[in-house]
Amino acid sequence: MAPWCPAESTKPVFVGIYGAVIGGFAVSALFFLLSSFSSLAAPPRPLQVAGAAGVSVGGANLSSVLSTPSQPETMYNRPIWKPPPRGDRMPPQRAFRLTREMVSARARGGVIVVTFGNYAFLDFILTWVRHLTDLGVENLLVGAMDTKLLRELYLLGVPVFDMGSRMATEDAGWGSPTFHKMGREKVLLINTLVPFGYELLMCDTDMVWLKNPLPYLARYPDADLLTSSDQVIPTVTDDSLENWREVTGAYNIGIFHWRPTESAKRLAKDWKNLVLSDDTLWDQNAFNDLVHKDFGHPVVGEDELVYSYDGKLKLGVLPASIFCSGHTYFVQGMHQQLRLEPYAVHTTFQYAGTAGKRHRLREAMLFFDQPSYYDSQGGFISFRPNIPKSLLLDGAHTVESHFALVNYQLKQIRTALSIASLLKRTLVMPPLWCRLDRMWFGHPGVMEGTMTRQPFLCPMDHVFEVHVMLKDLSKEEFGPHIDFREYSFLENPSLPKQVKESFLEVELCSEHSTGCSTANRTKKGRPVLLPRNSTEQTLLDIFTSYKNIKILHFSSMVDAFGGFSDAAVDTKFRNRVKRYVGLWCCVQFREIGHIYYDMYWDEKPGWKPLPPQTKEEDHPPWS
């Protein structure tokens with residue numbers, strides 16, 4: 001704290017003391033305001049990692065290596081998740097400049113693991129760090145592209161450096177100028193890090209680690225570069241590197257490992273020069289172009305590696321079965337079918353932007369949310385989906401049978417959304433079954449050569465516009481917001497015990513049955529009986545008395561609700577949920593091959609799943 005200037009020597013001594021106290025309060029208040037500046041609701045520090053202490057790397061205990069009595073604790077070597085001492089001022093921004101000394105303080109065994117992003121990806125970054133520290137990997141650094149993220153990570157005890165990008169804190173949509181800027185920043189960062197002389201495992205923030213990758217990477221000490229890929233057809237069935245001769249998917253730079261060899265340094269420099277020469281060039285395309293310049297000669301004695309780029313760089317392709325893409329993990333479940341343990345999953349091959357990536361990880365219970373996510377003031381609604389065997393399993397897997405299956409589920413979800421809206425509860429989505437895969441291009445239903453099973457549990461973003469469902473739509477036009485959770489929500493270990501145990505079964509019954517009466521309230525431990533096609537008033541009358549129950553679980557949603565009686569309320573609800581569904585893509589050999597889902601398909605006699613016939617017809621059913 002800066003010293004207070006004393007009063008003139010002619011003043012009484014108590015004036016100096018009094019002034020010192022006032023000055024201390026002022027400086028403390030200023031520090032408090034600065035600490036609160038970055039966010040009014042910063043996420044809580046993740047739970048302490050169970051079992052991380054005692055994990056050894058190279059024979060040394062991580063918790064002792066990072067800070068020892070002979071090595072004073074600094075912001076560079078402080079254990080992860082340990083925040084700075086209370087009352088400490090945040091160091092000046094220049095202290096966060098990326099240096100060889102900073103990397104040296106965090107690297108272990110000559111390896112540093114790095115990701116980067118802006119504030120919009122804070123929760124992804126914390127999830128990324130948490131997975132690594134749960135695995136005992138603490139030789140990591142995070143690059144901050146804006147000062148808001150820099151401050152948050154520093155205060156949470158995450159090792160962070162300033163990339164000097166001065167980026168906005170908002171999300172960068174795929175293909176936008178900001179997206180391309182982030183790509184160029186990645187290339188510049190690699191060019192800074194590789195010359196430091198450490199092996200670099202560079203990762204995007206939209207991926208998570210499921211198993212410590214460092215021992216796997218160490219199996220290939222002669223590789224200058226090991227990269228992930230968008231390969232969706234397996235070329236190997238064990239945990240060896242992909243057969244590079246059979247890889248047809250693009251090399252994906254969301255996960256790749258660099259060794260500081262001369263060939264790797266030259267590649268990094270050429271890559272930098274290429275992306276800086278054209279602001280619209282996608283960094284991944286530029287990387288693929290470079291490594292394929294001189295490509296195709298196997299490395300003698302290391303058949304899994306191939307000479308590439310300058311004919312000297314030794315390249316290996318990480319197996320997509322265990323260094324998974326969004327397709328091999330979430331759609332094919334390739335690692336499960338091959339009985340392999342996955343190392344990583346990268347949320348590629350999805351259709352709802354950042355919101356879709358987050359939701360995919362939540363469905364797989366791989367995302368770390370704030371505790372508030374696992375509770376809701378109004379409580380939750382879930383239901384048991386009803387799907388006839390004939391729709392799920394019988395007949396050929398065609399566009400018609402796919403839409404028949406999905407539409408049957410949509411009608412139940414539509415009812416569940418209406419009840420959730422009426423009771424002001426959060427809907428736990430059911431698992432979705434699909435017969436056909438979704439891509440960006442025409443295909444025969446599933447991509448030939450992949451391990452996609454039919455039918456399969458499809459990610460929610462295959463059918464629903466997850467990002468639209470999260471939007472703050474106008475209440476005047478679309479009615480009240482309807483919150484939702486992923487289908488695996490109730491099985492998530494992070495769900496508090498008091499929420500999980502506050503559970504009530506709701507059983508549908510025939511309104512004509514003598515035992516099905518609203519006056520027939522449940523005995524403790526017995527399901528609540530709800531007449532089919534119940535009115536709004538019936539639902540409100542029954543469930544108002546259970547407003548303190550956290551989870552209402554319906555035995556079915558088929559004909560559970562008769563609909564809104566107020567035409568204006570019904571119109572707003574329809575306006576909202578019509579926008580919740582997206583499209584399937586795509587019929588082969590058609591200029592316009594996609595087909596729009598329709599939340600109210602059943603109200604259109606003769607509705608059929610057909611692509612738009614003309615460009616004028618190519619619009620969602622609600623527009």
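Let's begin with helix H12 (residues 353-363), which is mostly covered: 10 of its 11 residues are buried, meaning under 20% relative accessible area with a 1.4 Å probe and protein chains only. This is a predicted model, in which local features need pLDDT of at least 70, side-chain atom pairs count only at pLDDT 80 or more, and totals for chains, interfaces and linings use all residues. Residues are numbered from 1 along each chain as its sequence is written, and side-chain values use heavy atoms, with hydrogens and water left out.

Helices (H or I, at least four residues) and strands (E, at least two) are DSSP runs, numbered from the N terminus. Among the buried residues of H12 are Lys357, Arg358, Arg360 and Glu363. Their cover includes helix H4 (122-134), helix H10 (326-330) and strand S19. Just after H12, methionine 365 takes a positive phi of about 55°.

S19 leads us on to an open sheet of 6 strands, ordered S19-S16-S15-S22-S20-S21 with parallel pairing; two strands pair if DSSP finds at least two bridges between them. At the edges are S19 (484-485) and S21 (528-531), each pairing on one side only. Strand S20 (residues 503-509) joins S21 in the parallel sense over 4 bridges, and cysteine 509 stands opposite proline 531 in S21.

Helix H14 (residues 399-423) packs on this sheet, touching strands S15 (380-383), S16 (426-428) and S22 (551-554); contact means heavy atoms within 4.5 Å.

Conventions. Axes fitted to C-alpha atoms, helices over the stretch in contact; angles between N-to-C directions. Buried < 20%, exposed > 50% of the residue type's maximum accessible area, 1.4 Å probe, protein only.
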